[in-house]
Each structure stands twice: as C-alpha cells, then as structure tokens.
Amino acid sequence: MGRQVAIISAGFSEHASKRSDVNMAELVNEAVNDCLKKVPSLSIKDIDAYVNGNMPAFEGANLPELWMTDWLGARNKPLIRVTTGGTTGGSVGIAGYYSVAAGLPGIDTVLAVAFEQQSQGDTSIGLSSVALGEISVLNTLGLPYEYLTRLMSAGGAIGLASYQAANYMNKSKIREEDLARVVVQNRRNAAKTWWSHLKMPNLTIEEVLDTPYISYPLRYGMVCPASDGACAVLFTTEEKAKDLCDTPVYVNGVASVAHESVIIGYDASGSAQLDPSEQLGAMKSSEIAYNQAGISFPRKEIDYAEVYSPFPNQELMWVEKLGLFEENTAPEMYENEVTSLNGELPICCSGGVNATNAIGASALERPAVAALQIMGKASNQVPKTVHTAIGHGWGGMLNLCTMMVLSDQQQRKWR
Amino acid sequence: MERVGIVGYYQVKLYSNANYGRYEMIFEAVRGALDSAELKKKDITTVVSCTNDYYDGRTISNAFTVEVGGAYLEDESKVEMDGAHAVLYGLMRILSGNHKLAVIWGGSMASCFPYHSARLYETDPTWERPVAYVNDITASGFQMRAYMEKYNVDIEEIAKISVKNRKNASKNPLALEEAQNANLSVNDILNSEIYADPVRELMVAQPCDGVAALLLAPEKQALKITDKPVWITGVGYNQETYYLGDRDLSISNSMELAGKMAFDAAGIKEPKNEINIAELFEAYAHEELIFSEALGLAEKGKGSELNSEIDGDLPINPSGGAQGGNPPCATGLIRIIEAAKQLRGEANGYQVKGAKKAVASGQIGMCAQNNIVYVLEGGD
C-alpha cells in the first residue's frame, strides 16, 4: 500500500506588495510556467491531476480555482481544492503528496498550486471574522460590546502574534535585539532570492529597533509584508522522477496535526491552551513526520530548514519546537551564525515568510525552497550539500501546523 | 485500485433553520459515526473536514472545528469543495498506507449565511460579478434550456424528477421537512415560482442546515470493525472549463470523464447493466437526467425514459437526493452515505431490493463544473 513520492520541480511568481500588472489567474500561471520550464521533458498535458488552494476571504473570491481552470492547465483534469488558513500552502503540498501516494489509476504526476493576491482585497478585514464569529457567544457571557469590538484586532494576525511573542519572550528571557537579529538575517537572505518581496541587503539591527511598535513586542520593521505571489510544486512517482530529473527529492514524512484553537476555545468557554507558545500540535506534527522519515535525531540529521515565521519570535520558537535546537537556545544559535547561509544548520535562506508573505502560498513555498536546496537549484543556494530538509507551516488560531520532510534518499523504513 | 471500506456513518436531521449550532451538529455527526462503528476517539488517525469559509461566513472556518470534529492532536486537513471531495482526500490518506481510520465530515448552516448570495463570489470577479447576470441559478436556467432544446425534452419530464425525488424524500426521516411531499403533481412543480426560466422553485435543491460524517478504513481493518462493510472500488473526479460559453451545457463533460475514471478503476464495462442504484447530487432537477446520461445509465437525451422510481429498473436518488435537502458541503457526502445505506440494507422505508453495486456523486461550481463519482459495492 502506498507509493514513494518525489518532488521534481518547484516554481514561483515574482512577489511584490501590489502585482497590479496581473490578475489572480495570471499570477498563478506565472508560477505554473516557472515550475514546468524547469522540467523540459514534461509538458502541461502530462500533468494527471491538480491540487489548488488559497485563502478565499483575502481576495473576496470564493473557489477561485473554478474560473482559473484554464490558467492552471486543469481543463478536463481531476482537481481538488484544499484550504486550511495560514497552513493552506502546506496542506496543498501534503494533498499533492497523498494524490500521488494513493496510487489512484491514471494519477502519477500532480501539480500543487497555492497563491495569494492580497492587493485584491483586505487581509485584516478577512481575518477579523476569525474572532468576530464568537462575539454573539461572548455577549451572552456578559462581556460588553465595546470590549468585543476590540476582538477585531485580536482576529487580525498581529494581535495573536504579539500575545504569542510576549509569552515566548517571558519563557526564554530574550531581548528585542534577538528578535531584530532574526529579521536582519532573513531580509539579507531575501535580497539574494529573485522572487522575494522585501529585499534589504544592508539592513542592521539598529535600523529594525528604530521602527515604531505595532503591538509590543513587535515593531513595524519586524513583521512580514503582505505580498502577492504564487507557488507551484510538481509531485510524481519515484520511477517517473528518476526519468524526469537529475536529483529527485523524496517526500519521506508529512503531517498536519491540529491543536485546540487558542484563547477562546470553540465555545468561548475558555481553553485548556492558554500559552500559544506551547505548540503541542507542532511537536506532534514533527514527531509523526520524523517517524515516517526514519529521523531519530533531527538536530543531527536535518541539514536545512524552512520554517513559517511571519514574526521573528516565531522563527525562534519553531526551530526549538520542531526539535532542531534545545528549548531556549535558538537566540544563541542566531547570534553565533549557526543558522546563516554558511552555518551548520541554515534556516530560511530564501528570506522566509518574514520577507515574503503571500499567505496562501507561503506554507507551500517552504517545502518548495527546501526541495530546491536539496537539488542545488535554489536562488540563494547554501554552499554545503543538503541531504535532508524540512518545510513547515502554521495557521488557524495558532493551532494548525504542517510538516514535510524531504530528502535525496528514499524513505528508510517503508511500511 | 485497492478497495477501501466504509465502516460507519451518521447524518443529522436536516432543518431549514436549525435551533442548535454548527459545532453541536458537527459533534453529533462525528460522534454518531464513531458510535455506529463502536469505535472511540482514540481510534481515529486522521480527520478530513469539509466547510467553506463563504458558506460559513467565517474566515478559516476549520480552525474552530478541531475539537468537535475529533481532530484534537490528530493529523487533519480540510477540503473546500463538496463533502464527496473530502471523502476522496480521506480515501487517498487511507490508500497511502499512512492512516488506518479516517473520519470525514462536511456540512454547513445555510440558515446563518445566505448560500446563493455567497455563491455570487464564485463568479469571475472581473467580467461577471460586477454585472451579476450570471450566477448559479441563472446558469442552471441556461443549462436546463440547453438540455431541453438539444434533446427535445418537455419541461413536464423534468418536473417529474422533482415529483419523484420529493416523494422519495417523504420516506426518508432525515430529509428536510419542507422538501418531504408525497402528494405533489407535475402542475404543482410547474406552477411554483420561476427562479430562472425554465427552472422553477420546486426544481431547486433547497439549501439547509446539516452535517454528515463517514468513517473509512483499509480492507484489513474494515473487516475487523464491521460485519457489513461497504467497499469503495472506484473513484473518478474531473473539472471542466469555467466559462459557460465554452461548454456544451446539455451534457456534463466532467461527469463523463469522472465516470470513466471511476468505472475503469472498478472494472465496470456496462454501467447500465451493472449498477443497481444511483445517488446523484442534482442541485437542480434536470441535472439528474444529465448526470445519469453522462454516467451511461441512460442514452443521451433519453434519461427521462428510464424508470428511476424506488421499485423501478434503476432507482435514482431513492433517498430524495439533493431535492430532499441541500446542506452546503454535505450533500455529496450524504449521497455516499445513502448509497452505503442501500448496500447495507439499512435504508428503512426506501430500501431498494437486492442492491449490490451503487454509484454516488458530488459536485461544485456553476452547472456542476467539477464532478466526483464513486462506485460502491456491498459486502457478500
């Protein structure tokens, strides 16, 4: 049961705050073309099925894959749509993996496409209904309306993120400089990635700390931009991958484990999860994915990591929760340049989500970049050889997490 | 394709305005499905949900359904299409060998958020939405007209489908009360309000509140869980192009291709003779005819000549189909559950005798742009 799955190509559109030169369908088409042109022996007709996803509320378009069918090349082809909030891209990638792994008759080569064109709509308005949905319930619990409208800002990403950042800072005793250092590394890396959004080759820690607070402890210079962009990843079987590509990247572990939604809980009656930097879901996700991939010592066995961190505190938290570093040691690793391009364990050399955030696409761009680093074809390629890499994503009310473990070797213990 | 077992299911009663909430409904459905198979929360290895942020009126609608859907600290995901597509993703997860018990649930509350208004956001945002001349209802009018004109089918023949399905729904205790009517006549259908000529109000599947859940397991586990598993032996899905002018609306190209994929997988050569019962998601009455023709259950244009009553040659939608209630994101899933009920002999009141093989379908998009078909077989 089940088949070995490999990634043979990944493509991107150019990312910017306003891609007003293209509409959603054309933006997606850029990524599809970039992905396919890297595999010259494969044409769009050879794609057997599609997986697509984005965050529909942000553009104000429901099920946009219906009218962009022809721009995907999906006319008269099997297609499914997977959306899970911030993890959408990761979920699309995982669905691409399962589409191939399942071995349905006639489905060998699957294109996973995720995108977001935030300039078409208003992301924060889209996010406000995340919290507003519970207002009626909270009202019945006796909370006055003027307090409840403040939940609109809690529904936006920044309110939730600053809560998580403050929790993490309290536990790990880090300073703002440690947050700014992560930002500097990411934006300098982004300057060397052709498709990234915020390219800042000469950014310094002082410059980041000189920007105003948006919500303590997060400053304007620390938060991710809102980008327009798309990403496409091509999955196929082991046999076909060997014919089509020099270095197939094998997908050896996938997981997307959900934890309880933070703060409010599903019925607003409170939640067992009061610490959003605890992240049991991420820990379980990585455990499942590492087990599938036969990885026992992530710190030793993983050569490269792309984590989903729109906010710098999250990058520090994720690399610890995903088992790459011991708890509370990540800031030190960034200070000692262990995580830089030339370091022992490079992290987010594409600039990461901190420099480019087309929300629906971001969690697919992580495994996409990780795969290209293994192939040796990434835009900001690390000098050392990468054998095993991870691509991670988070979303929802800080409760969803996707993980993909990639390697140049097939899964060691195939079930 | 290896066969995968349906080992449990549950559907809540459909209401046009339910007096309890979405989360309670989801919990009832998922818990009910687990109970029906005598399983526990700890037996779940993966959960695939199906909701739509627009139909729910809520961004990231799946973030809050984790606990009630049984997905707490489980490997989970969401398909934003029809419930039948979520079953496909659950099926893929089982077939990959990574998972041993998949919970699939789907549903929404159309009473909280207007379904047809939300569907306006599915149209091309540049050319079609601003003028709003085309939406899912007017598109169905084009589709019905194209079908009637091409094959010279009378409107009475299409009204008969509504009469049949609403009569069948009256025997289904879980169907929508407003749709349960055993005494409708063809004239009642034709005299109901015109939605988009020639589509009448009683030809439209009424959006309503409801959630359904289904359990899937690999063959080995399925045989241990239940004595009467229903096997998924084939699945096919397909999406055709969007623009109505580029499509022949009198047929369903995507359904034909999906049916071919499913029948090939299940080794079915002559669907008309081999299939005993069909549960099709007909968002509008005429779609039942178009779909049954696309699946080869009837000749092109001759769908209305098929006796599809419960005691007929090839019963179609004995449960009442989508005409018996259309909870967004659940309807296709309910079709699979109803087909499984027939194969297990559990369709009390509307049981088809001797059903061995069934097809069930789901769809999304204007004029069913994306279709999915399952071939189900009963245990021996």
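**Entry: a loop valine.** I began with A:Val386, which sits in the loop between helix H18 (359–375) and strand E10 (388–395) of chain A. A note to keep in mind here is that I am reading a predicted model. Is A:Val386 buried or exposed? I found 24 other C-beta atoms within 10 Å of A:Val386, and the cut-off for a buried residue is 20 or more, so A:Val386 is buried. I then looked up its contacts beyond four places in sequence, and they are A:Asp303, A:Tyr304, A:Gln373 and A:Ile374. For A:Ile374, which is 12 residues away along the chain, I noted a C-alpha separation of 5.0 Å from A:Val386.

**Entry: the nonpolar core.** Next I looked at the largest nonpolar core, which has 269 residues. Which of them touch the most other members? I wrote down A:Val28, A:Ala112, A:Val113 and B:Leu214. H18(A) gives this core its largest share, 11 residues. I followed up A:Val113: leaving out residues up to four places away in sequence, it touches A:Val28, A:Ala31, A:Val32, A:Tyr50, A:Asn52, A:Leu72, A:Ala230 and A:Ala232.

**Entry: where the chains meet.** I looked up how the two chains touch, and 58 residues of chain B are in contact with 59 residues of chain A. On the chain B side, the elements that give two or more residues are helix H2 (53–56), strand E3 (75–78), helix H3 (83–95), strand E8 (230–239) and helix H9 (253–266). H3(B) has the largest share of that side, with 6 residues. Sorted by class, I get 28 nonpolar, 16 polar and 14 charged residues on the side of chain B that touches chain A.

**Entry: one helix in chain B.** I picked helix H6 (residues 155–170) of chain B, which has 16 residues. From first C-alpha to last, H6(B) reaches 23 Å, close to the 22 Å expected at 1.5 Å a residue. How many of its residues are buried? I read 12 of the 16, so H6(B) is largely enclosed by the rest of the structure. Among the buried ones are B:Ile158, B:Ile161, B:Val163 and B:Arg166. The buried residues of H6(B) pack against helix H5 (136–151), helix H7 (186–191) and helix H11 (285–294) of chain B.

I stayed with one of these partners, H11(B). The axes of H6(B) and H11(B) come within 8 Å and cross at roughly 100°, which means that H6(B) is roughly perpendicular to H11(B). Where they meet, B:Ile158, B:Ile161 and B:Ser162 come from H6(B), and B:Ala285, B:His286, B:Glu288 and B:Leu289 come from H11(B). By class, this contact has 4 nonpolar, 2 polar and 1 charged residues.

Entry: Most residues other than glycine have a negative phi, and most peptide bonds are trans. I went looking for exceptions.

- The bond joining A:Tyr216 and A:Pro217 is cis, with omega about 0°; A:Pro217 lies in the loop between strand E5 (213–215) and strand E6 (218–219) of chain A.
- B:Asp197 to B:Pro198 is also a cis peptide bond, with omega near 10°; I found B:Pro198 in the loop between strand E5 (194–196) and strand E6 (199–200) of chain B.
- A:Leu63 has a positive phi near 45°, lies in the loop between helix H2 (56–59) and helix H3 (69–72) of chain A, and is buried.
- B:Cys367 has a positive phi of about 50° and is buried, with 23 other C-beta atoms within 10 Å.

Notes:
Residues numbered from 1 in each chain as written. Chains lettered and ligands numbered in written order. Predicted model: local features only at pLDDT ≥ 70, side-chain atom pairs only at ≥ 80, totals over all residues. Contact = placed C-beta atoms within 7 Å. Helix = DSSP H or I, 4+ residues; strand = E, 2+ residues; numbered from the N terminus. Nonpolar A, V, L, I, M, F, W, Y, C, P; charged D, E, K, R; others polar. Expected span 1.5 Å × (residues − 1). Core = buried A, V, L, I, M, F, W, Y, C linked by C-beta atoms within 7 Å. Axes fitted to C-alpha atoms, helices over the stretch in contact; angles between N-to-C directions. Parallel < 35°, antiparallel > 145°, perpendicular 65-115°, else oblique.
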